[in-house]
Amino acid sequence: MSSYIRNQAGASWTMFPVELKYAIVRLLDDQQDVHNFSQTSRESYALCIPSLFKNVNLRNREALRTFLTNVPVSYGRHTRTLAVCTAFADAGVTASNGPISEALAELLGRCTQLDRLDLKLVNSVRPSIISSFQKLEHLRELAISNCGDENTHPLSERLVVSIAASLPKLSRLTLDRVARSAMHAPELVGCSSFVPVCTGDEDVPAHPIFGTDLSLPILLRLPTLRYLRIRDTHLGDAAWSTTTQHACPIEVLDLGSCYFESPEFNRMCTERIIGNIGNMVDEFSVNTPLQSDTYDFTQSVCTPLKRLRKVHLTPLLPVENVVSTLTTLSGSPVEQLSVSCHEDDVDDVCDALKDFLALRGERPDALYPHLKEIEVQTVGDDLESVKASMKLPVMSELPVNSVKVERPAAVTELLCPLPCLARSARDM
């Protein structure tokens, strides 16, 4: 009887139309379930190919070459999320950028339907790769970071700006450790702060719209860009304060600091950018202390960030500057406040938030009257893994002594990259 049932079940499955089989496979949420199902038969594997190669993560240069050698070219059209690191599995090995540029160009030529792309480059790539990005008509999220030595292998701002400007639907951009170009920042060449500067990048071709001006502030002119995150990058270009935004401006802004410069210089850079585009920003991440008496633009406008709804304070912001920074942004209609800090700083951060709430209780109508929630997240030393979170309800009439700050009972491991790439379906 049992064998009859199995035979009937097998016969029923073979009778299903292909469209229904694909729909069933798409309902498998767990990647391990997809893998297990793909191993049951040749037909099952063929049905699972779109799911198996939807998210691809190539962890090193060897994995990239293995993928190009062994995976059929036609499978690339199924990939929607792609993460690539060009570092060698052996950290001590180095090589030129020529072969890796060709390999990346071949990979992008296969994966033309990408929605998200995360590139971690241990060495810069040749400008010839820009043409490969021009074919990614569906790409909306791009992250580029330099995971190598900035001094010996800088990643040119001209290259990354040209790449971003070649993507017609780019809405989210994350840049980490991008070097200024000597063409746009000659004053940094040989300066005492030892800021990494990229020389010899004159071979980056002129853009059809922006020409040879491919400095970082040009990103403000990208018509589709809504989310901009720049970390560990020198933001001292004066053009940040003069570059005019497109009619559809950036809504989410996350600016980091340059560790080759002083905190005062980084603060000035952040304030310069806010002074130019802050009026249209809806969400803002703060990495450097802000002070209202130092804002150049506060003289002409009473509310620097008129549309600001969400504020995030990162672990890079000193605890002693939490209250003053929040006070600086008090003129904005902030509804949500999130704070990330290291585990050792949780008590100090909570004390600072209590002081802020005490100050807010004295001026409930003027200081964050729309605030609904404060979220505190503790992060690991690598600033990548969020280990816990807690939320504090905030009400204007809430007395200070009733605010409770408690550690969460459960610690949950979460991954927090930007842009948020889905977990890899094809780890190599």
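Student: Which helix does serine 44 lie in?
Tutor: Serine 44 lies in helix 4, residues 42-52. Helices (H or I, at least four residues) and strands (E, at least two) are DSSP runs, numbered from the N terminus.

Student: Before we go on, what kind of model is this, and how are residues numbered?
Tutor: This is a predicted model, with residues numbered from 1 along each chain as its sequence is written. Local features need pLDDT of at least 70, side-chain atom pairs count only at pLDDT 80 or more, totals for chains, interfaces and linings use all residues, and side-chain values use heavy atoms, with hydrogens and water left out.

Student: Thanks! Back to serine 44: buried or exposed?
Tutor: Serine 44 is buried, with a relative accessible area of 2%. Buried means under 20% relative accessible area, exposed means over 50%, and partly exposed is in between (1.4 Å probe, protein chains only).

Student: And what is serine 44 in contact with, leaving aside neighbours within four places in sequence?
Tutor: Phe37 and Ser38 are in contact with serine 44 once those neighbours are set aside. Contact means heavy atoms within 4.5 Å.

Student: Let's zoom out. How many helices and strands does the chain have?
Tutor: The chain has eleven helices and 16 strands. It has 428 residues, and 48% of them count as buried.

Student: What share of the contacts comes from residues 24 or more positions apart?
Tutor: Such pairs account for 73% of the contacts in the chain with a separation of 6 or more.

Student: What about the nonpolar core, how many residues has the largest one?
Tutor: The largest nonpolar core has 95 residues, and those with the most contacts inside it are Leu117, Phe133, Leu142, Leu219 and Leu337. Its largest share, seven residues, comes from helix 11 (residues 346-362). A nonpolar core is a set of buried Ala, Val, Leu, Ile, Met, Phe, Trp, Tyr and Cys residues joined through side-chain atoms within 4.5 Å.

Student: Which contacts does leucine 219 make, apart from neighbours within four places?
Tutor: Leucine 219 is in contact with Val161, Ala164, Leu173, Leu175, Leu225, Leu228 and Ile230. Another core, of five residues, lies apart from the largest one, and Leu188, Cys191, Val195 and Val197 are among its members.

Student: Switching to helix 9, what is its span?
Tutor: Helix 9 has 15 residues and reaches 21 Å from its first C-alpha to its last, close to the 21 Å expected at 1.5 Å a residue. The expected span is 1.5 Å times one less than the number of residues.

Student: Which side chain makes a polar contact with that of threonine 314?
Tutor: The side chain of asparagine 287 does, at 2.7 Å. Leaving aside neighbours within four places in sequence, threonine 314 has contacts that include Arg231, Ser285 and Ser340.

Student: One last topic: what is the phi of tyrosine 368?
Tutor: Phi of tyrosine 368 is near 55°, a positive value in a residue other than glycine. Tyrosine 368 sits in the loop between helix 11 and strand 13 (373-379), and at 0% relative accessibility it counts as buried.

Student: How about aspartate 232, what is its phi?
Tutor: Aspartate 232 has a positive phi of about 50° although it is not a glycine. Aspartate 232 lies in the loop between strand 8 (227-231) and strand 9, and at 28% relative accessibility it counts as partly exposed.

How values were computed: A polar contact is a pair of N or O atoms within 3.5 Å; within protein, one must be able to donate a hydrogen and the other to accept it, and residues adjacent in sequence count only if both atoms are side-chain atoms.
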